[in-house]
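Hi everyone, thanks for making time.

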Number of protein chains: 2
Amino acid sequence: MTTDFRRKTHRSPRDRIVEAARALFRRNGIRATGVDAIAGAADSNKMTLYRHFNSKDELIVECLYRAGMEMDGFWQELERTHPDDGLAQLRTWVRRIAEHLDDDNCHCEMMSAAVQLTDEGHPGRSVIRAFKDAQRDRVVALCRKADIVDAELLSDTLLLLIEGARATQQTSGAQGPSARFAEIADAAIQSFARGGLAPKQV
Amino acid sequence: MTTDFRRKTHRSPRDRIVEAARALFRRNGIRATGVDAIAGAADSNKMTLYRHFNSKDELIVECLYRAGMEMDGFWQELERTHPDDGLAQLRTWVRRIAEHLDDDNCHCEMMSAAVQLTDEGHPGRSVIRAFKDAQRDRVVALCRKADIVDAELLSDTLLLLIEGARATQQTSGAQGPSARFAEIADAAIQSFARGGLAPKQV
DNA sequence: CGGCCCTGTTACCGACCAGTAACATTTTCG
DNA sequence: CGAAAATGTTACTGGTCGGTAACAGGGCCG
């Protein structure tokens, strides 16, 4: 029943706590998840948690930071598998997001957290903001490399579609508008690709 | 400091409570808003609140229901101001959403609530779901009336862009990708309009 | 072995919060 | 007016949650 992170690998209690927290935050929300539940799911206890993190907020920040780092890793992998091919990287990126849309792990940690961290001054918000800004820069750079007509515009288009797909998945389920996300995003890329076909709608 | 709904109009306590709740839910989140705060902001008190709603959850449902009704009213107004002109209705709709993106009232109540109402069985979720389904049907109908090439596809595209713009506004602020939402959505409509110009990207 | 650092256990505190009870007050309307 | 209905006030309950204190193992390394 309870996710046992210890048996899977011999990770440190700190690691198990962070991963358990991320899982619970995704599944039940940040505010709805108590520190006792986190410690329990990590097969640890509250005291150990508070020896590694001075507060729940600090743990939240670490979770967001890790989520960002994972995305960074994914970007590097993208560059490795499709070296110097911006268009292929863009397409692979979109496809991967589409595949992970209905994962329990749907990486909407950032969006979800942004909604729940209402305090404008919450340290987590700056982590999210920094990550989103970096992501935007990355996509723009990718579009440029892919010889896209208007890199900034396609970039923003894709970012809107992606966030929209994640949000819609939450409210309307997998059968909602997000079902055609990949198709839509591919069409957008297609219509911006220089020297490609004439822009098409399907 | 505290929003005084009573002075503005002589609404019933029930009305004031619901509107105060919606405002606080939007600003601070559902879980972060206590019933005392709601009653206080409504210039009323907790007892009166509980005489009208058996629980906080019931109040949440009423808030979501009202948000849906307001949108319904907006759709009717759209039909009234642009009778039988689907394309104009679509464009006006997009423009209005763009204008309201940075309102404090950014009508992301639904999305925000969906993230925070983690219980799959929460009655509020079905209200959201029903509203989103109805909205999708409406947009599809509008696209058909506007003589759009692929009504379902444009409809889903716009819905993704809209939700994406709202979500992105939360995480990246007004200067983020959502800044060009109107431009992007208009281009999408343009490229799907039958007999219009060749699809363009700007 | 023996000390030390990390971890686990239990119990507790104070704050907050949803919801209720009993009573006082105002508003509404016949 | 006068009674009934709606609203306001205060105080309380029971539970949850973030965070802390004190103490008890337990593994690692000299």
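Between chain B and chain A there are two salt bridges, a salt bridge being a side-chain nitrogen of Lys or Arg within 4 Å of a carboxyl oxygen of Asp or Glu. One pairing to look at is Arg180(A) with Asp150(B), whose side chains meet at 3.9 Å, N to O.

Quick word on the ground rules. This is a predicted model, where local features need pLDDT of at least 70 and side-chain atom pairs count only at pLDDT 80 or more, while totals for chains, interfaces and linings use all residues. Residues are numbered from 1 along each chain as its sequence is written, chains are lettered from A and ligands numbered from 1 in the order in which they are written, and side-chain values use heavy atoms, with hydrogens and water left out.

Back to the two chains. Eight residue pairs are in polar contact between chain B and chain A, both at pLDDT 80 or more. (That's a pair of N or O atoms within 3.5 Å; within protein, one must be able to donate a hydrogen and the other to accept it, and residues adjacent in sequence count only if both atoms are side-chain atoms.) Which element gives the largest share of the side of chain B that touches chain A? That's α9(B), with 15 residues. (Helices here are DSSP runs of H or I, at least four residues, numbered from the N terminus.)

The contact takes 46 residues from chain B and 46 from chain A, contact meaning heavy atoms within 4.5 Å. Together the chains bury about 3900 Å², 65% of it on carbon and sulfur atoms; that's the accessible area, with a 1.4 Å probe, that two parts lose on being put together, summed over both.

Now two single residues. Ala188(A) sits in helix α10, residues 181-192 of chain A. Is Ala188(A) buried or exposed? Buried, at a relative accessible area of 11%. (Buried is under 20%, exposed over 50%, partly exposed in between, with a 1.4 Å probe and protein chains only.) Beyond its neighbours within four places in sequence, Ala188(A) touches Leu154(A) and Thr157(A). Leu158(A) is 30 residues away from Ala188(A) in sequence, but 7.7 Å in space, C-alpha to C-alpha.

Over in chain B, Glu62(B) belongs to helix α5, residues 56-81. Glu62(B) is buried too, at 18% relative accessible area. Leaving aside neighbours within four places in sequence, Glu62(B) contacts Arg14(B), Val18(B) and Phe53(B). Val18(B) is itself among the buried residues of α2(B).

Definitions and conventions. Helix = DSSP H or I, 4+ residues; strand = E, 2+ residues; numbered from the N terminus.
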